[in-house]
Amino acid sequence: MPLSPEEPQIPESAQGSTAAAPSRSVPTPRPVPGPRPAAAARPGRPGPRPVTPAQRTAPKPAPQAAPAAPAVGTPQIQLIPAPLDGALDAAEEAVDLLLDSGRAPGEILLITTGDPHPWAAHELSFGEAAYWAQHDAGDDVFYAGAATLHRLAPRPVAVVAVNGGTDAGVAEALPGALRLAGALLIVCGEPQRVDAALGARV
């Protein structure tokens, strides 16, 4: 049925046409917001704060020099006064005390400046190869003469029995034994001879 001319109706799709009713206002179209530029910051919103000097990692202080440590590898020296004919007994007692205190047998050398230790003489009777094989094994106390110092390997403890030999031989043997002793050198003998060989180091 056709509409009467007294009641004209305008479809909403035709808003803005000249036929709009005077009683109805046409809304103003709003712009569609687009994406905000990423770099634009909103007013009042601070950007990334600059790192202040207080926030920076403080530089580490330079390491200070450590206090001087005692020389590494300098063994202690102990003197056990003993007469010429008692030096070997004193050396054997020193070895027994070392073993009782927890030293392993393989850490100890016993060196004689005069007659060889009975054990060394016995083992050498089976030949030098067998004798030095025990030295190389390093699992027991090793008994040697001062003349063989050049063949001995260092051990933590060297015990020297000054039971003979010339003064020149003793003066050569004691510094040699000192070089072999990693931690401790025990010298059993007459103090005057030992002092003459080692000087103020005893």
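1. Arg-193 is buried, with a relative accessible area of 17%; buried means under 20% relative accessible area, exposed over 50% and partly exposed in between, with a 1.4 Å probe and protein chains only. The residue Arg-193 lies in helix α5 (residues 191–198). Leaving aside residues up to four places away in sequence, Arg-193 touches Leu-84, Val-162, Gly-164, Gly-165, Thr-166, Asp-167 and Val-170, where contact means heavy atoms within 4.5 Å.

2. The model is a predicted one, in which local features need pLDDT of at least 70 and side-chain atom pairs count only at pLDDT 80 or more, while totals for chains, interfaces and linings use all residues. Residues are numbered from 1 along each chain as its sequence is written, and side-chain values use heavy atoms, with hydrogens and water left out.

3. The chain has 5 helices and 5 strands. Helices (H or I, at least four residues) and strands (E, at least two) are DSSP runs, numbered from the N terminus. Read from the N terminus on, the elements follow the order β-α-β-α-α-β-β-α-β-α.

4. For the chain as a whole, buried residues account for 28% of the 202 residues. The accessible surface comes to about 14,200 Å², and 58% of this belongs to carbon and sulfur atoms; the areas come from the Shrake-Rupley method with a 1.4 Å probe, and for residues only the protein chains shown count as cover. Of the contacts between residues at least 6 apart in sequence, 70% join residues at least 24 apart.

5. An open sheet of 5 strands has the order β1-β5-β4-β2-β3, with parallel pairing; two strands pair if DSSP finds at least two bridges between them. Its edge strands, β1 (76–81) and β3 (142–145), each pair on one side only. Neighbouring strands of the sheet are turned by 20 degrees against each other on average, direction ignored. Axes here are lines fitted to C-alpha atoms, for helices over the stretch in contact, and angles run from 0 to 180 degrees between N-to-C directions.

6. Within the sheet, 5 bridges join strand β2 (residues 108–112) to strand β4 (residues 155–161), and the two run parallel. Ile-108 stands opposite Val-157 in β4. Helix α3 (residues 128–137) packs on the sheet and touches β3 and β4, its direction making about 125 degrees with that of β3.

7. Which residues do ring pairs link into a cluster? They are Trp-119, Tyr-131, Trp-132, Phe-142 and Tyr-143. Rings of Phe, Tyr and Trp (its six-membered ring) pair if their centres lie within 6.5 Å; planes under 30 degrees apart count as stacked, over 60 as edge-to-face and the rest as tilted. By this rule the count comes to 6 aromatic pairs. The rings of Trp-119 and Tyr-131 have centres 6.2 Å apart and planes at 45 degrees, so this pair is tilted. The pair links distant parts of the chain, with Trp-119 in helix α2 (residues 118–124) and Tyr-131 in helix α3, 12 residues apart.

8. Is Tyr-131 buried or exposed? At 3% relative accessibility, Tyr-131 counts as buried, whereas Trp-119, at 22%, counts as partly exposed. The rings of Tyr-131 and Trp-132 have centres 5.1 Å apart and planes at 80 degrees, so this pair is edge-to-face. Trp-132 is buried, as is Tyr-131.

9. The charged end of Arg-151 sits over the ring of Trp-132, 4.1 Å from its centre; the rule requires NZ of Lys or CZ of Arg within 6 Å of the ring centre and within 35 degrees of the ring normal.
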